[in-house]
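Here's a quick briefing on this model. Have the structure open in your viewer as you read.

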Amino acid sequence: MSNIKQCIEGNTAVLTMNNPPANTWTAESLQELKSIVLELNNNRDVYALVITGEGEKFFSAGADLKLFADGDKGNAASMAKHFGEAFETLSAFRGVSIAAINGYSMGGGLEVALACDIRIAEEQAVMALPEATVGLLPCAGGTQNLTALVGEGWTKRMILCGERIDSARAEKIGLVEEVVEQGQSLDAAIALAKRVAKQSPSSVAVCKELIQAGRTMPRTQALPLERELFVGLFDTEDQKEGVTAFLEKRKAEWRNC
């Protein structure tokens with residue numbers, strides 16, 4: 001049985017973590033996520049990806065701690081590898097990824113949301129990176145991605161002090177971009193994804209590349225790259241279609257190439 005349900009609605013792929021009762025991650029489901037995202041990268045009709053959790057209580061509780069109960073370092077290294085590869089592949093998805101956080105989002109469950117471009121949380125959602133509470137650390141991008149979003153102070157409160165935060169606080173500190181009523185996160189995420197489809201997918205891909213490059217690349221390198229990629233868009237069909245559609249006062253028909 002698949003731990004990740006997938007369906008495509010228009011230009012949006014909807015992925016649902018489905019490992020009851022808490023939608024925990026396993027080696028198999030992490031490899032499955034990586035494989036799905038790589039397949040979606042090759043589907044030119046998909047412009048956005050939405051990920052959510054099955055049920056009403058959990059988005060995802062992260063890894064099942066029983067996996068680490070035996071203290072096996074080899075197993076720990078293997079799981080860390082699977083987490084890293086899956087979430088880094090998600091982060092590198094060529095389109096826009098949106099997390100619809102519909103409940104508890106803990107540990108690796110929050111890290112998968114952090115790997116997305118945008119996060120929409122329901123009002124009852126609770127978020128935390130509690131790994132240090134059990135002698136571990138968030139090894140799937142948590143220390144880096146959370147810091148990039150909310151800064152060192154709140155990252156240290158959540159990781160070093162084990163602080164849980166509700167959706168209102170998460171929105172205030174920039175961890176999530178929007179808070180909606182209970183049961184509305186998936187609809188809100190899909191509605192936002194539909195807006196992505198109005199944008200040139202070729203432009204979106206390079207804009208995302210530039211935005212994320214800013215985390216590690218000096219501005220002296222990023223600014224010339226920005227100009228280089230701007231010129232590069234003139235090799236795409238989408239650039240010609242976008243300008244022509246605007247001048248002809250009609251809706252653009254994107255080809256994602």
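A cavity here is a set of points, on a 1 Å grid over the protein atoms alone, where a 1.4 Å probe fits but cannot get out, and its lining residues have an atom within 4 Å of a point. This is a predicted model, where local features need pLDDT of at least 70, side-chain atom pairs count only at pLDDT 80 or more, and totals for chains, interfaces and linings use all residues. Numbering starts from 1 along each chain as its sequence is written, and side-chain values use heavy atoms, leaving out hydrogens and water.

**Cavities**
- Searching the whole structure turns up two cavities of 30 Å³ or more; a volume is the space filled by probe spheres set on the grid points, which are joined across faces, edges and corners.
- The largest cavity comes in at about 60 Å³, and its lining is made up of Tyr47, Arg94, Gly95, Val196, Gln199, Pro201, Val204, Ala205 and Asn256.
- That lining splits into five nonpolar, three polar and one charged, where Ala, Val, Leu, Ile, Met, Phe, Trp, Tyr, Cys and Pro count as nonpolar, Asp, Glu, Lys and Arg as charged, and the others, Gly among them, as polar.
- Helix 7 (residues 201–213) gives the most to the lining of the largest cavity, with three residues; helices (H or I, at least four residues) and strands (E, at least two) are DSSP runs, numbered from the N terminus.
- The second largest cavity has a volume of about 40 Å³, and its lining residues include Asn3, Met17, Trp25 and Ser29.

**Helix packing**
- Helix 7 also packs with helix 8 (residues 219–232), at an angle of about 175 degrees and with the axes 10 Å apart; axes are lines fitted to C-alpha atoms over the stretch in contact, and angles run from 0 to 180 degrees between N-to-C directions.
- Helix 7 and helix 8 are therefore roughly antiparallel (over 145 degrees).
- Val206, Glu209 and Leu210 of helix 7 touch Ala222, Leu225, Glu226 and Leu229 of helix 8, with contact meaning heavy atoms within 4.5 Å.
- By class, this contact has five nonpolar, no polar and two charged residues.

- Four strands form an open sheet in the order 4-6-8-9, with mixed pairing (a pair needs at least two DSSP bridges).
- Strand 4 (58–60) and strand 9 (165–166) are at the edges with a single partner strand each, so one side of each has no neighbour in the sheet.
- Strand 8 (residues 126–128) pairs with strand 9 in the antiparallel sense over two bridges, and methionine 127 sits opposite isoleucine 165 in strand 9.

Methods
On a 1 Å grid over the protein atoms alone, a cavity is a set of points where a 1.4 Å probe fits but cannot get out, and a pocket is an open set with protein on both sides within 12 Å along at least five of seven lines; lining residues have an atom within 4 Å of a point. Angles under 35 degrees count as roughly parallel, over 145 as roughly antiparallel, 65 to 115 as roughly perpendicular and the rest as oblique.
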